[in-house]
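Please keep the sequence and the structure at hand while reading the points below.

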Amino acid sequence: ARENEFKGILNALCYFHAVVSERRKFGPQGWNRSYPFNIGDLTISVDVLYNYLEANPKVPWEDLRYLFGEIMYGGHITDDWDRRLCRTYLEVYVRPEVLEGDTNLAPGYPCPPNSDYNAYHDYIDEVLPPESPYLYGLHPNAEIGFLTTTSENMFRTVLEMQPRDASGEGSGGPTREEKVKNILDDVLEKLPEEFNVPELMARAEEKTPYVVVAFQECERMNTLTREMRRSLKELDLGLKGELTITADMENLQNSLFLDVVPESWNKRAYPSLNGLTAWYVDLLLRIKELENWVADFQMPAVIWLAGFFNPQSFLTAIMQSMARKNEWPLDKMCLQCDVSKKSREDFTSPPREGAYVHGLFMEGARWDTQTGMIQDARLKELSPPVPVIFIRAIPVDKQETKNVYECPVYKTRQRGPTFVWTFNLKTKEKPSKWVIAGVALLLSI
């Protein structure tokens, strides 16, 4: 009785299934976590579609989207941002326009007209464009990122499969132990002393929320540098023959040789996807930033948000400061983010309220300084930097909700568990475009 509607929605549902299943190959930009979507989800959704069309005189679009997005497919999804993505796909694909035949499911792929099974097959073979990120609503850069990650993983695997004693020996080059010893000495030589937290606490006149954040960061940095110093000195004695080499020492030795951050350091550190060399350079920059801050407890003109172990604590401190100053309830406040047109060097002093932050990157799109809005990314610019952002706390009821994209902020490209906060960014396009494109802000790349 409802053949035309059934076929139209079934076609959109099949396309939706193909997109959500294959999107996982783009890694975290596709889905924050990997989900086992399967053909069973599709077949049971088709049964639900048939039953609902039989039982209702009008197509219950809202009910169908809810059942597909929150139960059939949404039942697999554990991440809130992925749930939003699934919901957005369904809002784009499962809507009345797909029955009118003048809407596209993807660029260059209009909804097929009502026909039989073989004709649908022929239509898909002839009309569906070749596989590309556009079919998923992603930018072509997503494929570059995915292929780069795949090749990096392959080369790392090849490196790790090398025979242990093949490097250097017999060819006149340094042995494995000599290489490790050089790295070990270099790290120990550059590693600064620990922060004297009791002395810093005694010096701080006022325990403002920002000062408390600085103390917490110093303590966490001490925990990390203490473990680095201890493990490296222990390995040094092991290499000299003064201690028996343990499994932990061997793991540390392998990590130093393969330019990987050792496991015992990672546990005490912040999320990072860098190799050991880049990770250590980054660590020294973080320590220097902290030293400058605690020297006189004057907040830097521009804060490097990525330099924190726990960026959430700093963002919360912005709200706490405003809450105390204006006697506002903390749970009725939120952060407003205004992206400036300036870079870090243009600021000489911090704002009277809130903070200027720098060091963020955008993945999936770019920030256009001229229009002050999110725009499509340029080809081969995988994660362009974002100008300095002015963050301040405002009451929730004064928050702008029109023409904004709720952009998740993550610590690394790994996304998922590294979530930090949500920044509302201005957009002229529909926010659904950026949701499907997997647009996010990253603290480190």
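Tyr 73 is buried, with a relative accessible area of 0%; buried means under 20% relative accessible area, exposed means over 50%, and partly exposed lies in between (1.4 Å probe, protein chains only). The model is a predicted one, in which local features need pLDDT of at least 70 and side-chain atom pairs count only at pLDDT 80 or more, while totals for chains, interfaces and linings use all residues. Residues are numbered from 1 along each chain as its sequence is written, and side-chain values use heavy atoms, with hydrogens and water left out.

**Aromatic rings**

- Tyr 73 takes part in a ring pair with Phe 37; the ring centres are 5.8 Å apart and the planes stand at 50 degrees, so the pair is tilted.
- Rings of Phe, Tyr and Trp (its six-membered ring) pair if their centres lie within 6.5 Å; planes under 30 degrees apart count as stacked, over 60 as edge-to-face and the rest as tilted.
- The two partners come from distant parts of the chain, 36 residues apart: Phe 37 lies in the loop between H1 and helix H2 (39–55), and Tyr 73 in the loop between helix H3 (61–72) and helix H4 (80–93).
- Helices (H or I, at least four residues) and strands (E, at least two) are DSSP runs, numbered from the N terminus.
- Phe 37 is also buried, at 7% relative accessibility.
- The count of aromatic pairs comes to 24.
- Tyr 15, Tyr 89, Tyr 93, Tyr 109 and Tyr 123 form a cluster linked by ring pairs.

**Charges over rings**

- The charged end of Arg 286 is placed over the ring of Trp 304, 5.8 Å from its centre.
- Lys 342 lies over the face of Phe 347, and its distance from the ring centre is 5.5 Å.
- A charge sits over a ring if NZ of Lys or CZ of Arg is within 6 Å of the ring centre and within 35 degrees of the ring normal.

**Salt bridges**

- The whole structure holds 26 salt bridges, each defined as a side-chain nitrogen of Lys or Arg within 4 Å of a carboxyl oxygen of Asp or Glu.
- Arg 2 forms a salt bridge with Glu 5, with the closest N and O atoms 2.6 Å apart; Arg 2 is buried at 17% relative accessibility, whereas Glu 5 is partly exposed at 24%.
- Glu 3 is joined to Lys 7 by a salt bridge whose closest N and O atoms are 2.7 Å apart. Both residues lie in helix H1 (residues 3–22), four residues apart, about one turn of the helix.
- In helix H8 (residues 197–203), Arg 203 and Glu 199 are likewise four residues apart, and their side chains meet in a salt bridge (3.3 Å, N to O). Arg 203 is partly exposed at 36%, and Glu 199 is partly exposed at 39%.
- A network of salt bridges links Lys 181, Asp 185, Asp 236 and Lys 240.

**Strand S9 and its partners**

- Five of the seven residues of strand S9 (residues 389–395) are buried, so the strand is largely enclosed by the rest of the structure.
- Strand S4 (residues 333–339) pairs with S9 in the antiparallel sense over seven bridges, where pairing requires that DSSP finds at least two bridges between two strands. Within this pairing, Val 339 has Ile 389 as its bridge partner.
- Strand S5 (residues 355–358) also runs antiparallel to S9, joined by three bridges, and Ala 355 stands opposite Ile 391.
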